[in-house]
Amino acid sequence: SSPQTVLHRMDEELLVFLRVFQSASRNFAQRQLKQFRREPFFHWVSWSPSLADAVEKELGMRRDSFWAERIGDGRYAGGGEGNSAIAHADGKQSRVPSSDDSRGNAEGGT
């Protein structure tokens, strides 16, 4: 077999794998949706840009409230905006994301 024949066969095998994987992934997602739709805990809504903005605002307020509740109980150590941290039992600290934090990483990374 020439190297080109081997590469061609590998390309074909990769395409077959990708088709099978794509189908399995799609089937798995459909089963998840079917299960989630049966759960009374979930409330399905139609998406719109205004809904997305409202959800983002609500989640930001809940996050702010979550951290505000912990300021007085010793689990919150640190001060100003963007420089806050949670004191963990093992002595480590994690940065507390602010509601306008675009990084979305509570550990202070990129």
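Analyst: The following dialogue takes up the features of this predicted model in turn.

User: How many helices and strands are there in the protein chain, and which pattern does the chain follow along the sequence?

Analyst: The protein chain has two helices and three strands. Read along the sequence, these elements follow the pattern α-α-β-β-β.

User: What percentage of the residues in the protein chain is buried?

Analyst: A residue is called buried when its relative accessible area is under 20%. In this protein chain of 110 residues, buried residues make up 12%. The accessible surface comes to about 9,300 Å², and carbon and sulfur atoms account for 57% of that surface. As for contacts between residues at least 6 apart in sequence, 13% join residues at least 24 apart.

User: Which residues of helix α2 are buried, and where do they lie around the axis?

Analyst: The general idea is that an α-helix has 3.6 residues a turn, so residues three or four places apart point the same way. Helix α2 runs over residues 49–70, and its 22 residues reach 32 Å from the first C-alpha to the last, close to the 32 Å expected. Its buried residues are Gly60, Trp67 and Arg70. Because these cover an arc of only 95° around the axis, they are on the same side of α2. On the other side, Ser50, Lys57, Arg62 and Glu69 are exposed.

User: Which residues form the salt bridge, and how far apart are the closest N and O atoms?

Analyst: A search of the whole structure finds one salt bridge. Arginine 62 forms this bridge with glutamate 58, and the closest N and O atoms are 2.8 Å apart. Both residues belong to helix α2, where they are four residues apart, or about one turn of the helix.

User: Are these two partners buried or exposed?

Analyst: Arginine 62 is exposed, with a relative accessible area of 55%. Glutamate 58 is partly exposed, its relative accessible area being 33%.

User: How many aromatic pairs does the structure hold, and how is such a pair described?

Analyst: A pair of aromatic rings is described by the distance of the centres and the angle of the planes. The structure holds one aromatic pair. The ring centres of phenylalanine 17 and phenylalanine 21 are 5.9 Å apart and the planes are at 25°, so the pair is stacked. The cut-off needed here is that planes under 30 degrees apart count as stacked.

Definitions and conventions: Residues numbered from 1 in each chain as written. Predicted model: local features only at pLDDT ≥ 70, side-chain atom pairs only at ≥ 80, totals over all residues. Heavy atoms only, no water. Buried < 20%, exposed > 50% of the residue type's maximum accessible area, 1.4 Å probe, protein only. Contact = heavy atoms within 4.5 Å. Areas by Shrake-Rupley, 256 points an atom, 1.4 Å probe, with all protein chains shown as cover. Expected span 1.5 Å × (residues − 1). Arc of directions from axis to C-beta. Phe/Tyr/Trp six-rings, centres within 6.5 Å; stacked < 30°, edge-to-face > 60°. Salt bridge = Lys/Arg side-chain N within 4 Å of Asp/Glu carboxyl O.
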